[in-house]
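Subject: Handover of a structure and its findings

Dear colleague,

Please find the structure that I am handing over to you.

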Amino acid sequence: MAPFPKKITDDPYGAVILIRRLVMEQGVTYWRRYLLALVLMGVSAGATAGSAWVLGQVINQAYVDKNVRGIVIWSLVITVLFAIKGASTYGGTVILSKISNAILANNQRALFAKLMNESVGFFSERHSSEFLARLTAGAKSITDVLNSLINAVGRDLLLLISLAVVMVMQDPFMSMLGLLVTPPAMLVLRKLVKRIKGLAYTQFTGTADILETMQESLQGIRTVKAFTLEQTMRERIDASIAAVERNANKMARVSNRSNPLMEMLGGFAVAGGLLYGGYSVVALAATPGQFFSFLSAFLLATEPAKRLARLNIELNSNLVGARMLLEVVDSPASELSDDDKPSLKLSDARIELRDVSFAYRANEPVLNRMSFVAEPGKVTALVGPSGGGKSTVLALLLRFYEVTQGDILIDSQSISAVSRRSLRQQTAYVGQDVYLFRDTIRENIAFGKEGATEAEIIEAAKAACAHEFIMSFPLGYDTPVGEHGTQLSGGQRQRVAVARALLKNAPIILLDEATAALDSESEKQVQEAIEHLCQNRTTIVIAHRLHTIMHADAILVVEGGEIVERGRHEDLLRRGGRYASFFRLQHRETGPLTLTPISATA
Ligand SMILES: Nc1ncnc2c1ncn2[C@@H]1O[C@H](COP(=O)(O)OP(=O)(O)OP(=O)(O)O)[C@@H](O)[C@H]1O
């Protein structure tokens with residue numbers, strides 16, 4: 001999917017094609033219900049037109065026939081017609097709303113499903129608020145387009161036709177005169193459509209900007225507060241809000257610019273009708289009933305006529321949102337399901353990187369012909385300066401990205417030849433930023449295994465040294481963790497994440513800096529949890545504070561996308577190279593070394 005097009009003209013979706021597509025792909029599914037709604041709208045239109053006609057009868061009974069009984073009967077008929085109109089309008093509106101809600105939900109599901117088929121790289125290039133706007137406003141726009149169409153046909157056109165029938169029945173000549181106002185009205189409206197499209201687009205992107213600032217300020221609320229950025233953030237969002245407000249006002253002005261003119265044209269038509277109607281009663285012996293009936297039908301017809309005239313404006317402004325959503329849904333998925341590939345079959349879980357090169361962006365290599373083996377059931381540690389490419393190795397192992405060159409093999413199977421799902425199912429990953437979902441602790445652990453039992457969840461929590469702190473909360477496992485787990489401490493979050501990984505019981509463990517930024521007591525507990533997690537599993541661990549490294553079976557020093565040193569702790573120290581200097585650095589910083597070693601982040 002391309003990012004937001006810079007100009008609306010870049011957009012390949014034409015209005016007619018899009019409307020046809022929405023009708024054929026989305027509306028047609030509900031044709032039976034639409035038909036029922038149309039019938040009800042037709043009944044409502046008939047009742048409205050009927051009441052205009054009956055009005056003429058009442059007037060004639062009063063002024064011409066002087067018949068009280070007739071007046072009473074026709075008045076009763078009008079009451080019945082209004083009741084019919086009320087009931088059918090209600091039925092039609094409810095049916096249409098239900099269809100709209102279903103279409104809205106379908107589109108939101110489709111967009112979300114599409115996003116789930118996008119790669120990690122896809123999201124790192126875009127802001128999530130872009131999708132929020134498309135999911136909400138875009139999906140709503142699609143239903144609005146379809147509603148505008150059905151209302152135009154069902155409500156307005158049917159009503160207009162029924163009223164036209166009454167007008168022609170009462171006075172054919174005058175009805176023709178009414179049509180004279182149509183061409184100038186059309187001319188004015190056509191000019192407005194183009195402006196509206198541009199404004200609707202700006203409105204859409206402006207709303208996305210507001211969402212973006214809002215989301216960033218709230219997610220980074222601690223940074224905002226700590227750096228007293230409240231005013232800065234207020235100013236940033238204020239600029240976006242003011243721009244959207246200005247644009248909305250412009251849109252209101254432009255889209256309603258037709259109104260004064262339409263009213264004037266309507267006024268001319270009504271005045272003409274009065275003049276001619278009055279004249280035909282006085283001079284041509286028409287009945288007052290005819291006159292009143294025609295006039296009321298004419299007045300009733302002005303609203304649907306105005307709405308129909310504005311249909312083009314309405315459609316075009318909503319089509320902008322519809323395109324925004326369909327653009328994402330239509331774009332080729334960056335991570336299509338490859339479940340048809342064979343599953344990864346594990347025996348020992350031996351991982352091998354063979355001459356792996358990788359670049360996020362062309363000509364900016366991050367890994368350069370990297371090769372190493374992570375032996376089965378052993379702990380392999382990646383250490384090295386920040387930005388060296390350690391996290392990238394894990395990202396490639398999980399196939400968040402595909403290698404540019406070389407291959408990654410697990411038990412001699414290239415990971416690119418097996419399904420991503422089978423690869424990820426057999427891998428437990430605990431990342432730098434522990435992500436907890438806004439749910440209870442229980443549910444957050446349970447994400448590790450589908451259908452996990454309570455006993456399994458508690459067992460995992462115990463092994464992750466989390467059970468105790470969980471039980472210290474009044475709600476125990478039902479304690480909500482808050483958005484992103486903010487109601488837990490850093491160490492608690494990490495232990496919940498380790499419990500989740502333990503529950504998954506995967507043969508391969510990937511850990512990225514899991515003990516960073518913890519006090520020594522929490523770190524000890526998290527470390528103990530991790531030791532349980534790694535037992536008898538092939539583990540690749542990125543260590544920044546590196547408290548497990550001393551005992552790691554292999555230590556790889558990654559620098560500039562290459563492995564510059566490898567070996568066990570003692571060997572590397574003896575060699576006196578990069579690792580030894582990191583080690584000494586930490587030694588100086590932390591005082592005499594205890595058994596806990598090394599931070600590799602320079
Ligand atoms: N999504 C991305 N898009 C573009 N470049 C990226 C992306 N992620 C990482 N990089 C770049 O790739 C290089 C390696 O990053 P990586 O995260 O693998 O380093 P690291 O060794 O794990 O660092 P740290 O120890 O700080 O976590 C860095 O220069 C980084 O800027």
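Among contacts between residues at least 6 apart in sequence, what percentage join residues at least 24 apart? The figure is 80%, where two residues are in contact if their C-beta atoms, placed from the backbone, lie within 7 Å.

This is a predicted model, in which local features need pLDDT of at least 70 and side-chain atom pairs count only at pLDDT 80 or more, while totals for chains, interfaces and linings use all residues. Residues are numbered from 1 along each chain as its sequence is written.

Overall composition. The protein has 21 helices and 10 strands; these are DSSP runs numbered from the N terminus, with helices being H or I of at least four residues and strands being E of at least two. Of its 602 residues, 37% are buried (20 or more other C-beta atoms within 10 Å of the residue's own; exposed means 12 or fewer, and partly exposed lies in between, with C-beta atoms placed from the backbone).

The sheet. Six strands form an open sheet with mixed pairing, in the order β6-β7-β8-β3-β9-β10. Because β6 (427-430) and β10 (562-567) stand at the edges with a single partner strand each, one side of each has no neighbour in the sheet. Strands count as paired if DSSP finds at least two bridges between them. β9 (residues 554-559) and β10 pair in the antiparallel sense over 5 bridges, and I555 has G567 of β10 as its bridge partner.

Helix α5. This helix covers residues 128-170, and its 43 residues should span 63 Å at 1.5 Å a residue; the end C-alpha atoms are 60 Å apart, so the two values agree. The expected span is 1.5 Å times one less than the number of residues.

Residue N117. N117 lies in the loop between α3 (68-116) and α4 (120-124). N117 is partly exposed because 13 other C-beta atoms lie within 10 Å. Leaving aside neighbours within four places in sequence, N117 is in contact with A333, E335, L336 and S337. By comparison, the C-alpha atoms of N117 and L76, 41 residues apart along the chain, are separated by 62 Å.

Annotated spans. An unreviewed UniProt entry lists residues 34-55, 67-84 and 260-276 as "transmembrane region"; the positions use the numbering adopted here, feature names are shortened, and annotations may be inferred rather than shown by experiment. In the model, residues 67-84 are 94% helix and 0% strand, with end C-alpha atoms 26 Å apart. Residues 260-276 are 100% helix and 0% strand, with end C-alpha atoms 24 Å apart.
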